[in-house]
Amino acid sequence: MKKRLTRSRRQRVFAGVCGGIAEHINTDPTYVRIGWILISIFFGGLGVLLYPLLILFIPLEPKDEEETFS
């Protein structure tokens with residue numbers, strides 16, 4: 001089964017975009033966040049402009065039935 005890119009529910013600071021990317025490529029979310037900051041700095045704020053678009057276009061990870069506590 002092919003893994004889809006989704007925003008993370010577990011590894012989120014703001015909206016789960018960097019956490020979802022990190023889960024998709026199997027790396028630490030801290031590395032993705034640092035890379036995102038560097039992109040924002042060195043490419044004239046491109047990361048800041050791209051982040052809201054990714055929030056809109058990357059779906060939120062579905063809830064796992066096992067993780068919900070009723």
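The following dialogue considers how to read several features of this predicted model.

Reader: Where in the protein is confidence lowest, and where is it highest?

Author: The model is predicted, and pLDDT expresses the predictor's confidence in each residue. For the protein, the mean pLDDT is 87, and 90% of the residues reach 70 or more. Confidence is lowest in H3, with a mean of 92, and highest in H2, at 94.

Reader: Which residues make up the largest nonpolar core?

Author: In soluble globular proteins, nonpolar side chains tend to be buried together. Here the largest nonpolar core has nine residues: Ala15, Val17, Cys18, Ala22, Val32, Trp36, Tyr51, Leu54 and Ile58. At least two residues of this core come from each of helix H1 (17-25), H2 and H3. H1 supplies the largest share, three residues.

Reader: Which residues does leucine 54 touch, leaving aside those up to four places away in sequence?

Author: Leucine 54, itself a member of the core, touches Arg7, Val17 and Trp36 on that basis.

Reader: Which residues form the nonpolar patch on the surface?

Author: The patch consists of Ile34, Ile37, Leu38, Ile39, Ile41, Phe42, Phe43 and Leu46, which together have about 830 Å² of accessible area. Helix H2 (residues 29-42) gives the most to the patch, with six residues. One of the patch residues, Leu46, lies in helix H3 (residues 46-57).

Reader: Why does leucine 46 count as partly exposed?

Author: The partly exposed class runs between the buried limit, under 20% relative accessible area, and the exposed limit, over 50%. Leucine 46 has a relative accessibility of 43%, and therefore counts as partly exposed.

Reader: Is serine 40 buried or exposed?

Author: A residue is called buried when its relative accessible area is under 20%. Serine 40 has 15%, so this residue is buried. Serine 40 lies in helix H2. Not counting residues up to four places away in sequence, serine 40 touches Gly45, Leu46, Gly47 and Val48.

Reader: Where does proline 62 lie, and why does it count as exposed?

Author: Proline 62 lies in the segment after H3. Exposed means over 50% relative accessible area, and proline 62 counts as exposed because its relative accessibility is 57%.

Reader: How many residues apart in sequence are proline 62 and glycine 47, and what is their separation in space?

Author: Proline 62 and glycine 47 are 15 residues apart in sequence, and their C-alpha atoms are 25 Å apart in space. Glycine 47 is also one of the residues that serine 40 touches.

Key:
Residues are numbered from 1 along each chain as its sequence is written. This is a predicted model: local features need pLDDT of at least 70, side-chain atom pairs count only at pLDDT 80 or more; totals for chains, interfaces and linings use all residues. Side-chain values use heavy atoms; hydrogens and water are left out. Patches are made of residues with over 30% relative accessible area and no salt bridge: like charges are joined within 9 Å, nonpolar side chains (Val, Leu, Ile, Met, Phe, Trp, Tyr) within 5 Å. Accessible areas come from the Shrake-Rupley method with a 1.4 Å probe; for residues, only the protein chains shown count as cover. A salt bridge is a side-chain nitrogen of Lys or Arg within 4 Å of a carboxyl oxygen of Asp or Glu. Helices (H or I, at least four residues) and strands (E, at least two) are DSSP runs, numbered from the N terminus. Buried means under 20% relative accessible area, exposed over 50%, partly exposed in between (1.4 Å probe, protein chains only). A nonpolar core is a set of buried Ala, Val, Leu, Ile, Met, Phe, Trp, Tyr and Cys residues joined through side-chain atoms within 4.5 Å. Contact means heavy atoms within 4.5 Å. pLDDT is the predictor's confidence in each residue, from 0 to 100.
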